[in-house]
Amino acid sequence: MSRVFDNITQRLGDRVQVSLSDAKRLDVAVGYFNLRGWGLFSELVDARAVAAEPPVARILIGMVLGSDQRETIAEIEHALSNGAAGRGGVDNGLATSRAQAVVAQLREQLMRGLPTSADRAVLQKLREQIADGRVQVRAFTESPLHGKTYIVHRDDHVRPCYAYVGSSNLTTAGLLHNLELN
(Lines give C-alpha, C1' and ligand atoms only; values in the text may rest on other atoms or scores of the structure.)
Protein backbone atom coordinates (compact mmCIF):
# COMPACT_ATOMS: atom_id res chain seq x y z
CA MET A 1 0.00 0.00 0.00
CA SER A 2 1.30 3.47 -0.89
CA ARG A 3 1.77 6.11 1.77
CA VAL A 4 2.78 9.75 1.66
CA PHE A 5 5.61 10.85 3.94
CA ASP A 6 5.51 14.64 4.33
CA ASN A 7 7.71 15.02 7.45
CA ILE A 8 4.74 16.55 9.26
CA THR A 9 2.40 13.66 9.96
CA GLN A 10 4.87 10.95 8.89
CA ARG A 11 8.61 11.48 8.60
CA LEU A 12 10.50 9.68 5.85
CA GLY A 13 13.67 9.38 7.95
CA ASP A 14 11.81 7.52 10.70
CA ARG A 15 10.21 5.14 8.19
CA VAL A 16 13.49 4.34 6.40
CA GLN A 17 15.11 3.68 9.79
CA VAL A 18 12.35 1.19 10.67
CA SER A 19 12.64 -0.48 7.27
CA LEU A 20 16.43 -0.68 7.52
CA SER A 21 16.33 -2.13 11.04
CA ASP A 22 15.36 -5.56 9.68
CA ALA A 23 16.86 -5.28 6.21
CA LYS A 24 20.14 -6.37 4.71
CA ARG A 25 20.96 -3.42 2.45
CA LEU A 26 20.13 0.19 1.56
CA ASP A 27 20.61 1.85 -1.82
CA VAL A 28 20.20 5.61 -2.03
CA ALA A 29 20.28 7.98 -5.01
CA VAL A 30 19.91 11.63 -4.06
CA GLY A 31 20.80 15.04 -5.34
CA TYR A 32 22.36 16.13 -2.05
CA PHE A 33 24.00 14.24 0.78
CA ASN A 34 24.78 15.82 4.13
CA LEU A 35 27.26 14.19 6.47
CA ARG A 36 25.10 15.11 9.46
CA GLY A 37 22.08 13.43 7.83
CA TRP A 38 24.02 10.18 7.76
CA GLY A 39 23.59 10.03 11.54
CA LEU A 40 20.07 8.68 11.03
CA PHE A 41 21.42 5.49 9.48
CA SER A 42 24.95 5.16 10.82
CA GLU A 43 24.22 2.87 13.77
CA LEU A 44 21.86 0.66 11.75
CA VAL A 45 24.48 0.21 9.03
CA ASP A 46 27.21 -0.35 11.61
CA ALA A 47 25.17 -3.15 13.18
CA ARG A 48 25.34 -5.16 9.94
CA ALA A 49 28.17 -7.58 9.33
CA VAL A 50 30.73 -6.54 6.78
CA ALA A 51 29.89 -8.30 3.53
CA ALA A 52 32.16 -8.80 0.55
CA GLU A 53 29.52 -7.70 -1.98
CA PRO A 54 27.50 -5.54 -2.07
CA PRO A 55 28.04 -3.00 0.71
CA VAL A 56 25.36 -2.54 3.38
CA ALA A 57 24.69 0.96 2.05
CA ARG A 58 25.40 2.47 -1.34
CA ILE A 59 24.94 6.20 -1.81
CA LEU A 60 24.87 7.90 -5.20
CA ILE A 61 25.18 11.70 -5.05
CA GLY A 62 23.85 13.44 -8.14
CA MET A 63 24.07 17.21 -7.83
CA VAL A 64 27.76 17.81 -8.33
CA LEU A 65 28.63 21.48 -8.60
CA GLY A 66 32.14 22.83 -8.33
CA SER A 67 33.28 25.90 -6.48
CA ASP A 68 32.68 27.90 -9.66
CA GLN A 69 29.09 26.71 -10.13
CA ARG A 70 28.48 28.83 -13.23
CA GLU A 71 31.28 27.12 -15.11
CA THR A 72 30.06 23.65 -14.10
CA ILE A 73 26.46 24.49 -15.02
CA ALA A 74 27.66 25.79 -18.40
CA GLU A 75 29.58 22.53 -18.95
CA ILE A 76 26.52 20.47 -18.02
CA GLU A 77 24.23 22.52 -20.26
CA HIS A 78 26.69 22.15 -23.12
CA ALA A 79 26.83 18.36 -22.66
CA LEU A 80 23.04 18.17 -22.49
CA SER A 81 22.49 20.36 -25.55
CA ASN A 82 24.89 18.20 -27.54
CA GLY A 83 23.09 15.05 -26.43
CA ALA A 84 26.24 13.82 -24.74
CA ALA A 85 24.95 13.24 -21.21
CA GLY A 86 24.13 9.63 -20.56
CA ARG A 87 26.06 8.43 -23.61
CA GLY A 88 29.63 8.78 -22.44
CA GLY A 89 29.84 12.47 -23.35
CA VAL A 90 31.63 13.45 -20.15
CA ASP A 91 35.36 12.95 -20.40
CA ASN A 92 37.54 11.66 -17.56
CA GLY A 93 38.84 15.13 -16.71
CA LEU A 94 35.35 16.55 -16.23
CA ALA A 95 34.21 13.48 -14.29
CA THR A 96 37.26 13.78 -12.01
CA SER A 97 36.66 17.49 -11.41
CA ARG A 98 33.01 16.78 -10.53
CA ALA A 99 34.02 14.02 -8.12
CA GLN A 100 36.49 16.41 -6.50
CA ALA A 101 33.65 18.93 -6.23
CA VAL A 102 31.70 16.43 -4.12
CA VAL A 103 34.63 16.11 -1.73
CA ALA A 104 34.84 19.91 -1.52
CA GLN A 105 31.09 20.13 -0.80
CA LEU A 106 31.43 17.61 2.03
CA ARG A 107 34.40 19.50 3.44
CA GLU A 108 32.38 22.75 3.36
CA GLN A 109 29.55 21.06 5.26
CA LEU A 110 31.92 20.35 8.12
CA MET A 111 33.04 23.96 8.26
CA ARG A 112 29.49 25.30 8.66
CA GLY A 113 28.57 25.81 12.29
CA LEU A 114 30.36 24.23 15.17
CA PRO A 115 30.42 20.47 14.87
CA THR A 116 29.13 18.76 17.98
CA SER A 117 30.75 15.71 19.48
CA ALA A 118 27.88 13.70 17.93
CA ASP A 119 28.69 15.21 14.49
CA ARG A 120 32.33 14.22 14.87
CA ALA A 121 31.38 10.70 15.99
CA VAL A 122 29.09 10.22 12.96
CA LEU A 123 31.79 11.48 10.61
CA GLN A 124 34.37 9.15 12.16
CA LYS A 125 31.92 6.24 11.95
CA LEU A 126 31.20 7.00 8.27
CA ARG A 127 34.92 7.05 7.58
CA GLU A 128 35.28 3.62 9.24
CA GLN A 129 32.23 2.26 7.39
CA ILE A 130 33.66 3.34 4.05
CA ALA A 131 37.06 1.86 4.94
CA ASP A 132 35.64 -1.50 6.04
CA GLY A 133 33.32 -1.78 3.03
CA ARG A 134 29.96 -1.32 4.76
CA VAL A 135 29.31 1.94 2.89
CA GLN A 136 30.11 2.96 -0.66
CA VAL A 137 29.70 6.58 -1.80
CA ARG A 138 29.79 7.52 -5.46
CA ALA A 139 29.22 10.71 -7.43
CA PHE A 140 27.14 10.64 -10.59
CA THR A 141 29.19 12.87 -12.86
CA GLU A 142 27.58 12.59 -16.31
CA SER A 143 24.79 15.09 -15.72
CA PRO A 144 22.75 16.51 -12.83
CA LEU A 145 20.79 13.80 -11.04
CA HIS A 146 18.25 15.39 -8.72
CA GLY A 147 15.99 12.39 -8.06
CA LYS A 148 15.61 10.95 -4.60
CA THR A 149 15.20 7.21 -4.11
CA TYR A 150 15.72 5.02 -1.07
CA ILE A 151 15.58 1.26 -1.70
CA VAL A 152 15.67 -1.07 1.29
CA HIS A 153 16.52 -4.69 0.40
CA ARG A 154 15.27 -7.48 2.64
CA ASP A 155 15.57 -11.26 2.94
CA ASP A 156 11.85 -11.71 2.41
CA HIS A 157 10.25 -13.53 -0.50
CA VAL A 158 6.92 -11.73 -0.11
CA ARG A 159 8.35 -8.19 0.12
CA PRO A 160 11.99 -8.35 -0.95
CA CYS A 161 12.39 -4.58 -1.04
CA TYR A 162 10.78 -1.29 -0.15
CA ALA A 163 11.26 1.78 -2.30
CA TYR A 164 10.72 5.34 -1.17
CA VAL A 165 10.73 8.01 -3.86
CA GLY A 166 10.01 11.70 -3.65
CA SER A 167 11.70 14.94 -2.75
CA SER A 168 13.82 14.17 0.34
CA ASN A 169 17.58 14.43 0.03
CA LEU A 170 19.80 12.52 2.46
CA THR A 171 19.98 15.43 4.88
CA THR A 172 18.52 15.85 8.35
CA ALA A 173 16.19 18.56 7.06
CA GLY A 174 15.08 16.51 4.05
CA LEU A 175 14.41 13.36 6.06
CA LEU A 176 12.91 14.86 9.23
CA HIS A 177 12.01 18.54 9.12
CA ASN A 178 11.27 20.06 5.70
CA LEU A 179 7.82 19.75 4.18
CA GLU A 180 8.51 17.07 1.57
CA LEU A 181 6.38 14.71 -0.46
CA ASN A 182 7.63 11.14 -0.73
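The buried residues of helix H1 (12–21) in this predicted model are Leu12, Gly13, Val16, Ser19 and Leu20. Because these residues cover an arc of only 125° around the axis, they lie on the same side of H1. An α-helix has 3.6 residues a turn, so residues three or four places apart point the same way. From that side, the buried residues of H1 pack against strand S1, helix H2 (42–46), strand S4 (148–153), strand S5 and helix H6 (172–177).

**The nonpolar core**

- The largest nonpolar core has 27 residues, and those that touch the most other members are Val16, Phe33, Trp38, Phe41, Tyr150, Leu170 and Leu175.
- At least two residues of this core come from each of H1, S1, S2, helix H5 (117–131), S4 and H6.
- In soluble globular proteins, nonpolar side chains tend to be buried together.
- Leu175, one of the core residues named above, touches Asn7, Arg11, Leu12, Gly13, Leu40, Phe41, Tyr150, Ser168, Asn169 and Leu170, when residues up to four places away in sequence are not counted.

**Parallel strands**

- Strand S1 (residues 25–30) pairs with S2 in the parallel sense over five bridges, and within this pairing Leu26 has Ala57 of S2 as its bridge partner.
- S2 is also joined by five bridges to strand S3 (residues 135–139), again in a parallel run, with Ile59 standing opposite Val137 in S3.
- Strand S2 (residues 57–61) has a covered face made up of Ala57, Ile59 and Ile61, whereas Arg58 and Leu60 belong to its uncovered face.

**Aromatic pairs**

- The structure holds three aromatic pairs, and a pair of aromatic rings is described by the distance of the centres and the angle of the planes.
- Phe5 and Tyr164 form an edge-to-face pair, at 5.8 Å centre to centre and with 75° between the planes.
- This pair links distant parts of the chain, since Phe5 is in the segment before H1 and Tyr164 is in strand S5 (residues 161–166), 159 residues apart.
- Both partners are buried, Phe5 with a relative accessible area of 4% and Tyr164 at 8% relative accessibility.
- Phe33 and Trp38 form a tilted pair, at 6.5 Å centre to centre and with 55° between the planes, and both of these residues are buried.
- Ring pairs also bring in Phe41, so that Phe33, Trp38 and Phe41 are linked into a cluster.

- Asn7 is found in the segment before H1 and is buried, at 6% relative accessibility.
- The phi of Asn7 is near 70°, a positive value in a residue other than glycine, while most residues other than glycine have a negative phi.

Terms used:
Residues numbered from 1 in each chain as written. Predicted model: local features only at pLDDT ≥ 70, side-chain atom pairs only at ≥ 80, totals over all residues. Heavy atoms only, no water. Buried < 20%, exposed > 50% of the residue type's maximum accessible area, 1.4 Å probe, protein only. Helix = DSSP H or I, 4+ residues; strand = E, 2+ residues; numbered from the N terminus. Pairing = 2+ DSSP bridges. Phe/Tyr/Trp six-rings, centres within 6.5 Å; stacked < 30°, edge-to-face > 60°. Arc of directions from axis to C-beta. Contact = heavy atoms within 4.5 Å. Core = buried A, V, L, I, M, F, W, Y, C linked by side-chain atoms within 4.5 Å.
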